[in-house]
Amino acid sequence: MSKLLSRRQLITTGLATAAGASGVVVAARLADRYGLIPPDHNGIYGVGQTLTYALQRPLMTGHASMAREFNRSDISKICPVNGPPPENETYQRLQAGGFADWRLTIDGLVARPASFSLAELMRFPSRTPITHQACEEGWSFIAECTGVPLSYVLNLVGALPQAKYVMFFPFGEKGFPLGKKWGSLDMADAWHPQTLLAYAMNGQELPAPHGAPLRVRVPRQLGFKSLKYLSRITLTDTVKNIGKGWGSSSPEHGFSWYGGI
């Protein structure tokens, strides 16, 4: 533990010193050495994004860094939502059938590509933490979410060592088979014990406005990272060109790639 802490202190201190001394190139090289450059490191805000991610990530890895978990008495009476459920025919048909025919596809850099039904996911080991969700628009709430740890599913499909990111795709829209919106996590957050594939909320089936039948829940990041209406998960070594041409000003539909809180 002391060695790990010393390494983190070395990285963050080095980056801060380099940035403070206007040594942007030095800071970037140090971040690259430790794999601390985010996908949105290019562009006008690239340097800021890199320094933010590189300074925060070493302090936010490992099981010791857990988002606060609350008591049932803390659960919010009102849990706001952002946007309506998908309006495409596929989603509406599956919803009408209680999502019995829905499946989650997992592919990419995995040893055993697979697809799982909602019933299968619900039979896997689960967690039911009560955590805070903060929206990038300023509102927040506390809710109880039940789901299978993403780490459990990644072990089932055999995540390969070269995988750097886990991509999440929702139900598609016309002209965009995988949906205009997408989400991704680095492997540190993907393996974290609080990151869930959630199928229930506050003791009930996940409501449609909150992402039924399945959403990823990432308590350590802003709400846009907890993508709703999951249809597919892909492990990859790059997010380059994902969403290209969709009018997004950054890798994830208009927001910075890293949304840590």
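**Close-up views of a predicted protein chain**

View 1. A disulfide is a covalent bond between the sulfur atoms of two cysteines. With a disulfide taken as a pair of cysteine sulfur atoms within 2.5 Å, the count is zero. This is a predicted model, in which local features need pLDDT of at least 70, side-chain atom pairs count only at pLDDT 80 or more, and totals for chains, interfaces and linings use all residues. Residues are numbered from 1 along each chain as its sequence is written, and side-chain values use heavy atoms, with hydrogens and water left out.

**View 2. Burial of Cys135.** The relative accessibility of Cys135 is 9%, so this residue is buried.

**View 3. Pairing of strands β5 and β6.** Strand β5 (residues 165-170) pairs with β6 in the antiparallel sense over four bridges; pairing requires at least two DSSP bridges between two strands. Met167 stands opposite Ser184 in β6. Helices (H or I, at least four residues) and strands (E, at least two) are DSSP runs, numbered from the N terminus.

**View 4. The two faces of strand β6.** In β6 (residues 183-186), Gly183 and Leu185 point one way, whereas Ser184 and Asp186 point the other way. All four residues are buried. Across the 261 residues of the protein chain, buried residues make up 48%.

Definitions and conventions:
Buried < 20%, exposed > 50% of the residue type's maximum accessible area, 1.4 Å probe, protein only.
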